[in-house]
Amino acid sequence: MEMAKIGPGVAGGNNRQTLTDEDAEGRRLFQKWCEDAGLTLGVDKMGTMFATRPGTDPDALPVYVGSHLDTQPTGGRYDGVLGVLAGLEVIRSMNDLGIKTRRPIVVVNWTNEEGSRFAPAMLGSGIWAGVYSRDYGDARTDISGDTFGASLERIGYRGPARAGAVRFGAMFELHIEQGPILEAEGARIGVVQGIQGMRWFELTLTGMAAHTGSTPMRMRQNALLGMAQVIEGVERIALAHEDAVGTIGFLEISPNSHNVIPGEVRATIDLRHPSDAVLDRMQAELETLVREVAAAVGLGHRLAPISCTAPVAFDAECIASVRAGAQAAGHATRDIVSGAGHDAAHTAAVAPTTMIF
């Protein structure tokens, strides 16, 4: 509740988009709490924060726990934040009880998990895992033209450590489900088996801006009309494949004036499925859809991939430990596949990883 006071948002939620002043304030509060708990804080060159409690074996690889503190523009109090602050509470509890661990325990706050300001999502963990380069990350721009690198420097969280320099033995990420399944079935804990694949695209449709009153309907090149047809088409593609989802959640219309036919519209397209083969088919159908719509309306088009995350299967031993822990605590469990992307998708390629919903 203290963290939620920073960047108050809509309906009790929060707006702490990555690398904003609000994000910086939340980071400072988390840093203070970590220092109060006796942790040593490290920050890498992409701003990801690592708070370490030492183990008794200095050569043992650490166990990571954590998630992210950045939010969507209308994010909740718990998305991501739960995993970071629960990790800190684990440390506090071990301190209170005098528990020592052989391995170091590291509480991590990954930078730019959401991707709402700088696409793609999970950028900090992706650079850490070697999926993206630092130069690629620094060059990402938001809607106002600000770059990731300049924004990181501005808030003062460009750390000295090379992203990916520190390795670990396992990663556990606690997260809210962000869906209705656990609540509907009365299960307290989701034992996460993996994460479905996700592909993001940026689509730009280009027509001709013209006066709405003096341009006949049959002589228009309305970019928004074309995008409307693409939106309907994405819905059809997703519905045609079991367990698939497809969404257009961002639109930028130019010139966005009352009496001007839209000359250019930009959108992001989000396709997800647990199978790479199905995602291949969905992508091919999307490419065909865009070509056909552009030809029919008389538009130029550019469809560019901006993120491609393969389906992820989590580590069997980590999954078993989550199930055993939940059962020992008396919680009803349900095996589940994550419908949303998470930093654990990138860490799973480097070390044993799982999630807890």
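A residue is called buried when its relative accessible area is under 20%, exposed when that area is over 50%, and partly exposed in between, with a 1.4 Å probe and protein chains only as cover. With that term settled, I turn to the chain itself. The model is a predicted one, in which local features need pLDDT of at least 70 and side-chain atom pairs count only at pLDDT 80 or more, while totals for chains, interfaces and linings use all residues. Residues are numbered from 1 along each chain as its sequence is written, and side-chain values use heavy atoms, with hydrogens and water left out.

I begin with the overall picture. The chain holds 10 helices and 15 strands; these are DSSP runs numbered from the N terminus, helices being H or I with at least four residues and strands E with at least two. A compact globule of 357 residues would have a radius of gyration near 21 Å, and the 22 Å of this chain agrees. That radius is taken over C-alpha atoms, and the globule rule is 2.2 Å times the number of residues to the power 0.38. Along the principal axes, the C-alpha trace spans about 80 × 45 × 35 Å. Of the 357 residues, 48% count as buried. The accessible surface comes to about 16400 Å², with 53% of it belonging to carbon and sulfur atoms; the areas come from the Shrake-Rupley method with a 1.4 Å probe. As for contacts, meaning heavy atoms within 4.5 Å, residues 24 or more positions apart account for 76% of those with a separation of 6 or more.

Next, helix α1. Residues 21–36 make up this helix of 16 residues, and its reach from first C-alpha to last is 23 Å, close to the expected 22 Å, a span defined as 1.5 Å times one less than the number of residues. Which residues of α1 are buried? They are Asp23, Ala24, Gly26, Arg27, Leu29, Phe30, Trp33 and Cys34. An α-helix has 3.6 residues a turn, so residues three or four places apart point the same way. The cover over the buried residues of α1 includes β2 (49–53), α2 (81–97), β4 (105–109) and α5 (148–155). After α1 comes glycine 38, with a positive phi near 80°.

One of the buried residues of α1, Trp33, also has a charge over its ring: the charged end of arginine 92 sits 5.8 Å from the ring centre of tryptophan 33. The criterion is NZ of Lys or CZ of Arg within 6 Å of the ring centre and within 35 degrees of the ring normal. Likewise, arginine 140 lies over the face of tyrosine 136, at 3.8 Å from the ring centre.

I come now to the aromatic pairs, of which the structure holds 7. Rings of Phe, Tyr and Trp (its six-membered ring) pair if their centres lie within 6.5 Å; planes under 30 degrees apart are stacked, over 60 edge-to-face, and the rest tilted. Phenylalanine 50 and tyrosine 64 form a tilted pair, 5.8 Å centre to centre with 55° between the planes. This pair links strand β2 to strand β3 (residues 63–67), 14 residues apart. Tyrosine 64 is buried, because its relative accessibility is 1%. Tryptophan 110 and tryptophan 128 form an edge-to-face pair, at 5.6 Å and 75°. Both of these tryptophans are buried. Phe50, Tyr64, Trp110, Trp128 and Phe168 form one aromatic cluster.
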